[in-house]
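Let's take a slow walk through a protein model together. Have a look at the picture first, and then we'll go through it piece by piece.

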Amino acid sequence: MTAPINAQAVMDFLKPRMGARFKTWVNICTHCGMCADTCHFYLANNKNPKMIPSYKVRFLKDILKKKGRVDRAYLEEIYKTVYYECNVCRRCSLYCPFGIDIAYLIYVLRALLNSQGLAPEGLARTVLDYKEFGNQMAITDEEWLETLEWCKEETADELVGLDIPIDKKGAKILYTVNAREPKFYPQDIMEMAKIFHVAGEDWTFPSRKGWDATNLAMFMSDTETAREVASNTFKRAEELEVKQIVVTECGHAYRSLCYEAPLWLGYTPKQPVVHSVELFLDYLKEGRIKLREKLKEPTTVQDPCNIIRNGGLAEKNRLLASMVSEDFRPMKNQGNYNFCCGGGGGAMPMGGEMKKHRLASGKIKAEQIRETGAKIVLVPCHNCIDQIRDLITEYKIDAKAVHFKEVIAEHMVIPKEMTPKED
Amino acid sequence: MDLYFFVEGPLVWIAFLTFIIGTILRIAFFISRSRRMDLPMYRFLKWKYVFATLLRWLLPINKDMAKNPVFMPLLYIFHICLIAVPVFLSGHLAIWDESRFEWSWPALPDAWANWMTLILLAISIFFFLRRLISADIRLISTFSDYLLIIVTALPFMTGYFLTHGTLESIGFKGDTMYLIHLLSGELMLILIPLTRLSHSVLFFFSRAATGIEFGRRGYSM
């Protein structure tokens with residue numbers, strides 16, 4: 001009992017999207033199989049041939065050949081493949097001899113599904129929240145400001161003069177976070193406020209839409225929403241006349257603002273987008289932040305796909321990790337060619353339906369971490385850190401996952417004038 | 001001898017013109033379509049990333065070499081033989097020289113051409129069997145993948161038979177083999193722009209596009 005699909009609608013959707021690149025990629029793949037063992041799903045599932053990246057995008061050619069005449073069951077089959085068997089991490093794209101960007105073909109398929117009303121509930125839900133509240137967690141402006149106020153009060157006795165500036169016009173940095181921070185991890189906001197304060201940074205939060213830099217619409221290829229979400233942030237940056245936008249330790253937020261927004265908007269916004277990793281590295285290099293001591297236990301660092309492979313911060317990430325550690329142990333494949341943790345491409349916010357798939361595909365990352373013998377995994381990404389924490393439990397790894405900001409906030413030298421006087 | 005006349009004359013022209021014009025059209029279509037629909041390619045175009053990625057993958061200095069140290073070298077050797085033998089074979093050069101164009105260029109020593117042909121055929125058999133035997137590759141292979149290996153190997157096989165008179169004892173006289181060889185070569189030329197053999201030129205555009213895409217993220221691949 002499978003409902004037919006309007007073939008015309010399918011073709012009308014695909015045709016304007018099949019540019020020269022996509023058309024070429026669909027047509028020239030010689031099925032050489034070089035992409036097979038680049039995929040963590042393939043490797044983690046006993047080299048199941050059905051997990052070969054090239055095989056996962058076979059649908060596209062098939063649909064074009066059938067002129068869109070497919071049914072609902074077929075779309076559901078695509079759904080299982082492009083959501084349950086792929087994190088769109090783009091590792092396979094780097095290994096294709098023809099440079100076929102397989103992950104982009106997955107995005108086209110996700111976009112097609114979305115146009116047919118097929119999207120993971122966990123992602124689709126956020127689209128409504130983005131539209132109404134400007135963030136993925138339905139946090140109202142009042143709640144946002146209250147949270148910041150509360151964070152300020154909580155931190156004020158730890159550092160003399162600490163402030164969480166809001167809507168400060170002309171500040172150097174507009175700081176944006178992941179909506180998970182005000183909702184579940186306010187300590188992330190507090191740690192960052194401390195780091196900014198000690199570094200003597202001129203920064204501000206926006207009071208309205210735009211503070212949530214995440215962009216889950218990107219993962220379901222909902223370009224319209226993605227554009228709207230990203231432009232919220234740039235609007236605030238414009239209004240507040242800031243010099244740059246800094247993004248918290250979140251992978252896709254950085255990628256969407258820095259590299260995808262220029263595509264969605266059609267122009268490159270004038271404010272540079274900086275990831276926390278870059279900012280921290282500058283602070284340490286310039287001596288604006290000094291560490292009392294480095295991490296003594298062995299560490300390793302995760303390479304989130306969206307800031308490394310898709311964000312170009314491979315060397316900075318590695319360098320920062322080595323600067324905060326006494327015993328830094330890079331993973332095999334550290335850098336642009338590292339494996340995805342299994343939590344990318346929307347896998348974490350997809351929730352329950354994805355859990356078993358991501359825990360299974362995370363086996364490769366779990367093994368990589370175990371291999372280093374590290375006790376601390378530095379993770380500059382919200383999705384990665386949640387996934388790696390799950391992997392640590394699932395695969396019984398003796399390690400913990402932390403953000404850089406936690407390490408830096410805990411280990412930095414607090415100048416005398418900022419140290420509260422003991423009564 | 002109408003068939004001979006046709007295969008040796010007009011069909012050669014048809015094959016070469018299809019190959020040349022078809023290939024040019026492939027390139028033209030890519031460029032015109034991308035100018036309309038792939039604007040980021042041009043907006044973020046940096047030649048250094050284009051050249052870097054082409055060089056890295058035209059030469060065996062890429063990530064797949066380390067990952068697949070058997071398959072990749074074979075792939076390179078296959079393609080070198082595929083291009084070098086037909087272009088630099090002394091027998092072919094003689095025909096170019098006799099033709100209205102009177103073109104000539106240095107030839108490969110015949111012994112080399114012999115060995116390269118055999119190597120190409122051996123690798124073709126390996127590729128074909130790999131598709132059949134490996135569960136991975138079998139799943140992703142389509143009928144045309146098998147067919148194109150045969151189309152590609154056939155001119156080399158018939159060329160070898162022709163120069164060595166291999167099958168003459170079973171009735172394939174020189175003329176017959178000559179005809180088959182010509183036909184198989186012409187078939188391949190015609191199919192290059194029409195099938196995924198067009199990767200011979202689209203490779204450059206595809207790699208360039210992806211090289212630009214990762215290049216704008218700050219590294220070459």
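How many residues does helix 2 of chain B have, and how far does it reach from its first C-alpha to its last? Helix 2 of chain B (residues 10-37) has 28 residues and reaches 39 Å, close to the 40 Å expected at 1.5 Å a residue; the expected span is 1.5 Å times one less than the number of residues. Before we go on, some housekeeping: this is a predicted model, where local features need pLDDT of at least 70, side-chain atom pairs count only at pLDDT 80 or more, and totals for chains, interfaces and linings use all residues. Residues are numbered from 1 along each chain as its sequence is written, while chains are lettered from A and ligands numbered from 1 in the order in which they are written.

Back to chain B, which has 12 helices and zero strands. Helices here are DSSP runs of H or I with at least four residues, strands are runs of E with at least two, and both are numbered from the N terminus. The C-alpha trace of chain B spans about 60 × 40 × 35 Å along its principal axes. Of the 221 residues in chain B, 27% are buried, meaning that 20 or more other C-beta atoms, placed from the backbone, lie within 10 Å of a residue's own. In helix 2 of chain B, the buried ones are A15(B), F30(B) and S34(B). Their cover includes helix 3 (39-43), helix 11 (174-194) and helix 12 (199-215) of chain B, and also helix 2 of chain A.

The contact takes 32 residues from chain A and 36 residues from chain B, with two residues in contact if their C-beta atoms, placed from the backbone, lie within 7 Å. On the side of chain A that touches chain B, helix 2 of chain A gives the largest share, seven residues.

Now look inside chain A, at strand 1 (residues 173-176). I173(A) and Y175(A) point one way, L174(A) and T176(A) point the other way, and all are buried. In a regular strand, side chains alternate between the two faces of the sheet. Strand 1 of chain A pairs in the parallel sense with strand 2 (residues 203-204) of chain A over two bridges, pairing being called when DSSP finds at least two bridges. Here L174(A) stands opposite T204(A). Strand 1 of chain A also pairs with strand 3 (residues 244-247) of chain A, again in the parallel sense, over four bridges, and I173(A) has Q244(A) as its bridge partner there.

Notes
A residue is buried if 20 or more other C-beta atoms lie within 10 Å of its own, exposed if 12 or fewer, and partly exposed in between; C-beta atoms are placed from the backbone.
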